[in-house]
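Colleague: I have a model open and would like to go through it. Can you take my questions one at a time?

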Amino acid sequence: MENPNKNGIPQKYDAENTWNTSEGFDSVGKAKVDSLKDLIVEVDEMITERKILSKKFVKEGEGMKNKIHNFLLENAPKGEDDSEFARERAELRKKQIEISELQLNEKIGCWRDIALLKKELRENSKELNEKESRAEMLGKILSD
């Protein structure tokens with residue numbers, strides 16, 4: 001059976017192709033809500049993983065700096081004036097400073113990344129809350 005639409009173009013009418021509310025209102029928009037819940041869990045996991053990665057990076061940097069420090073202590077000058085050895089020691093101290101700078105940059109980068117992820121988490125949580133409260137409100141209206 002064909003019925004014309006508002007433009008007069010014939011369309012097939014399927015009696016079974018109507019909005020079925022027998023499944024309950026909960027099924028409407030459920031995919032979007034489930035998707036938002038999954039996204040929130042994923043972002044939360046990303047925040048945790050970023051914190052772990054940063055701590056690991058900083059810890060490895062501390063290990064490198066300690067090895068350099070111990071090497072410098074073990075090989076401290078014993079009165080001789082060896083300009084080549086003094087230059088190498090200065091280079092190692094410079095490496096310690098570079099590692100400290102990298103650690104500081106990592107801490108700042110981690111803070112920025114987590115701030116962005118938390119912003120995304122807040123936005124997704126807000127959208128989820130809006131959708132759930134909207135669905136709850138419509139459910140109450142339909143049940144009355």
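Colleague: Which residues form a nonpolar patch on the surface?

Modeller: Met137, Leu138 and Ile141, with about 300 Å² of accessible area together. This is a predicted model, where local features need pLDDT of at least 70 and side-chain atom pairs count only at pLDDT 80 or more, while totals for chains, interfaces and linings use all residues. Residues are numbered from 1 along each chain as its sequence is written, and side-chain values use heavy atoms, leaving out hydrogens and water.

Colleague: Is Met137 buried or exposed?

Modeller: Exposed, because its relative accessibility is 52%. Exposed means over 50% relative accessible area, buried under 20%, and partly exposed in between (1.4 Å probe, protein chains only).

Colleague: Where is Met137 found?

Modeller: In helix α2. Helices here are DSSP runs (H or I, at least four residues), numbered from the N terminus.

Colleague: New topic: what do the buried residues of α1 pack against?

Modeller: They pack against α2. Among those buried residues are Arg50, Ser54, Gly61 and Lys65.

Colleague: What does Lys65 contact, neighbours within four places in sequence aside?

Modeller: Gln96, Ile99, Ser100 and Gln103. Contact means heavy atoms within 4.5 Å. Lys65 counts as buried because its relative accessible area is 16%.

Colleague: And what does Leu128 touch?

Modeller: Val33, Leu36, Lys37 and Ile40, not counting residues up to four places away in sequence.

Colleague: How far apart are the end C-alpha atoms of α1?

Modeller: They are 66 Å apart, which agrees with the 66 Å that its 45 residues should span. The expected span is 1.5 Å times one less than the number of residues.

Terms used:
Helices (H or I, at least four residues) and strands (E, at least two) are DSSP runs, numbered from the N terminus. Patches are made of residues with over 30% relative accessible area and no salt bridge: like charges are joined within 9 Å, nonpolar side chains (Val, Leu, Ile, Met, Phe, Trp, Tyr) within 5 Å. Accessible areas come from the Shrake-Rupley method with a 1.4 Å probe; for residues, only the protein chains shown count as cover. A salt bridge is a side-chain nitrogen of Lys or Arg within 4 Å of a carboxyl oxygen of Asp or Glu.
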